[in-house]
Structure formats: structure tokens, C-alpha cells
Amino acid sequence: MGVEIAVTGLTKTFGSQTIWRDVTLTIPAGEISVMLGPSGTGKSVFLKTLVGLLKPDAGSIVVGGQDVPRLREHDLYEIRKLFGVLFQDGALFGSMNLFDNVAFPLREHTKKAESDVRRIVMEKMDLVGLTGAERKLPGEISGGMRKRAGLARALVLDPEILLIDEPDSGLDPVRTSYINQLFIDLNAQIDATFLIVTHDINTARTVPDNIGLLYHRHLAMFGPREMLLSSEEPVVRQFLNAQTVGPIGMSEEKDADELAAESGQELPPLPPIPLQLSPSNGLRRRAQREPGEWCRTHAVTPPPGSFASADHAIPYAAGLAPAGALASRSGEVG
Ligand SMILES: Nc1ncnc2c1ncn2[C@@H]1O[C@H](COP(=O)(O)OP(=O)(O)OP(=O)(O)O)[C@@H](O)[C@H]1O
């Protein structure tokens, strides 16, 4: 059913560099959450801290009633069995074929007979669409296949929590769509808690139940997808709509002069909120909500045209869409 991750007051520094301070959020059990943020804001550090690979300076991470940073080595080893982690490059062993890579955690962490190992590996390979590729080496397959092999390996211990770091890096848009659909289908099937770090705005707009945004050494916002996609908060709005106008600058936050220069500029209207991806077998995920439910229950009017279709996934590039294009978009009221 998945396990919730309750993070309170989490702070991480490396020497004099503060990565983020006082991060508090609850990643709901069985739901898909996405963590966004400009490069270098500590998203990967956040994932590594959750799973106990890095120690925070302060704060707690409660998983299944246990505070991860305070666990002794043996208990940490045990709690890590709840987690499946997919690192950016799949982190496969180059000298092992895909079968042995996927089997690795089972052989390392369990005493299962080879016949059981084989059955589980084949089941997970099938789940990610890699049946037939068991004997291939990581160097002989595409980046997309490596990601799926990494995902199969992250799944072999039947994790309650899946942490996935930039699944779309290096993938073309079509492969990204396939892997996003795979996450939705997997979540429907195994009900685990998913936390996906991504830079891909389409992924953020169409996949998760919840979105978080790390910015300028803190958590700017975390909440249901509809809450962030209808938010007028400047940083959230700028990031989720991939705009240049707003507080986020090229290297860090903009200075007062840069912001003053933008003060007269009118922001384009918020684009429609797209429908969330649903499982390809037509069934509902347990965590799935009705389109517009959050907006309705919180008396928020979503942008015009919201929930009409999934075609609104790409809003517009960097706020540069011609006024006519925006007008016709917002005219598509559904
Ligand atoms: N082990 C480490 N020791 C010292 N500094 C580190 C360590 N790991 C990460 N950092 C620093 O922490 C900061 C955040 O890194 P992180 O990789 O988490 O960012 P990110 O948001 O995932 O970036 P990107 O989106 O570019 O992948 C960077 O400045 C990085 O150099």
C-alpha cells in the first residue's frame, strides 16, 4: 500500500554551503509525488538523505515509525529494504547482463532459491517491457532500456517507496512519455509511494498527484498537482510554466535591478491544467482524484480550458508565445 515519508525541519549543509534549510513535508503513502527545482538546488541530495545515504544536519525523516537519520547501521540496512531507488544513469554494473543486474538485490539481500530469483526477475523484466533482453549487457542497449532495467532492479524487493532521480534525463520526448506511462501503470499495480525528481515540466504537469519545488535553499511549495498548477506564487508560476519572467535568474535568483526592470511586464495567463495521465488498462489508481477535485474543494478557479484534455501538457516556451496563441488557448474553455 506504500508508506508515507514525514519530513520535518530537514537541513543539509556541506561545509559552509547550505543546500536547503528547514524542509518540512509529508509525502503521502501510495501517491506519486514529483520534486522540481533549478539545477543545484539539492534534489538529488534530498533523495539520498531520505534513504539514509547522506546525513542531514538537523530534522527528522519518519518512515514506518522510524527516524531514518537516527537509525543505527543495522536498522538502516533493514529500512532500506522498503526503498527502491532508480539513479539517473540506472547505475547498472557494466560487466553484468541485465538479468544478473536485476537479480543483484535479491541475491544480496535475500536467501531465495535461484528458481525464485529467476521467477521474480522475469516478472519485473516483463513489467518494464524488457522480456527477451535478459542476456544483454548495459553497454549494448539504449539509454531508455537502461532506465527500465534500473527500474526493474529497483522493483525486485517489492519496495513500499520508489525514489527515482531524473528518469527522463537523456531520453527523447517519446521515450519520456513511455516511462511516465510506466510509472502510472506501476503505481496502479503496486501502490507504492513514488517520489520522482525531474526537470521535465510535462512530466510534472501530467504525472504526479503532488508537486514540490526546491528553490533558493528552501522548499518553496509542496502540495497537490492542481494547487501548484493554479498557483500565482511567482517562483512556482515561473518554474511550472518555464518562463524567463520571474524571480528565478540564469544562475540564481535575480537581483533587485533585474526584478525592477521586469516590473512593468504583464505575465501571460496561466495555461490550462491538463488531465493527469491514467493507467493504460483503463482502471483507476487508488490515489487518483477526479479532475478539478482539489480546485473545487478549495474554491479555486482553475485556468480556463483546464481538464479538457491532456494536450495542454506543454504550456508555451519561456513566456514567449504570441498573444494570439495564448488567447486562442485560453479560449479553449472546456
Ligand atoms: N557529497 C557531496 N559533497 C559536497 N557537496 C555536494 C555533495 N553532493 C552534492 N553536493 C552539492 O550539493 C548541491 C546540490 O546538488 P544536487 O546534485 O543535489 O543538485 P540537483 O538539484 O539534483 O541538481 P541537478 O538538477 O543539476 O541534477 C551542489 O552544489 C553539489 O555540488
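**Overall fold and the ligand shell**

Of the contacts in the protein chain between residues at least 6 apart in sequence, 70% join residues at least 24 apart, a contact being two residues whose C-beta atoms, placed from the backbone, lie within 7 Å. This is a predicted model, in which local features need pLDDT of at least 70, side-chain atom pairs count only at pLDDT 80 or more, and totals for chains, interfaces and linings use all residues. Residues are numbered from 1 along each chain as its sequence is written.

The protein chain holds 12 helices and 10 strands, taken as DSSP runs numbered from the N terminus (helices H or I, at least four residues; strands E, at least two). Its 334 residues include 40% that count as buried, with 20 or more other C-beta atoms, placed from the backbone, within 10 Å of their own.

Now for the ligand. Around it sit Phe-14, Ile-19, Gly-37, Ser-39, Gly-40, Thr-41, Gly-42, Lys-43, Ser-44 and Val-45, each with its C-beta atom, placed from the backbone, within 6 Å of the molecule. Three of the shell residues are nonpolar, six polar and one charged. Helix α1 (residues 43-50) gives the most to this shell, with three residues.

What about α1 itself? Its buried residues are Lys-43, Phe-46, Leu-47, Thr-49 and Leu-50. They lie on the same side of α1 because they cover an arc of only 165 degrees around the axis, going by the directions from the helix axis to the C-beta atoms. Covering these buried residues are, among others, β1 (5-14), β3 (32-36), β4 (58-63), β7 (161-165), β8 (193-197) and β9 (210-215). Just after α1, Gly-52 takes a positive phi of about 85 degrees.

Technical notes:
Nonpolar A, V, L, I, M, F, W, Y, C, P; charged D, E, K, R; others polar. Buried ≥ 20, exposed ≤ 12 C-beta atoms within 10 Å, placed from the backbone.
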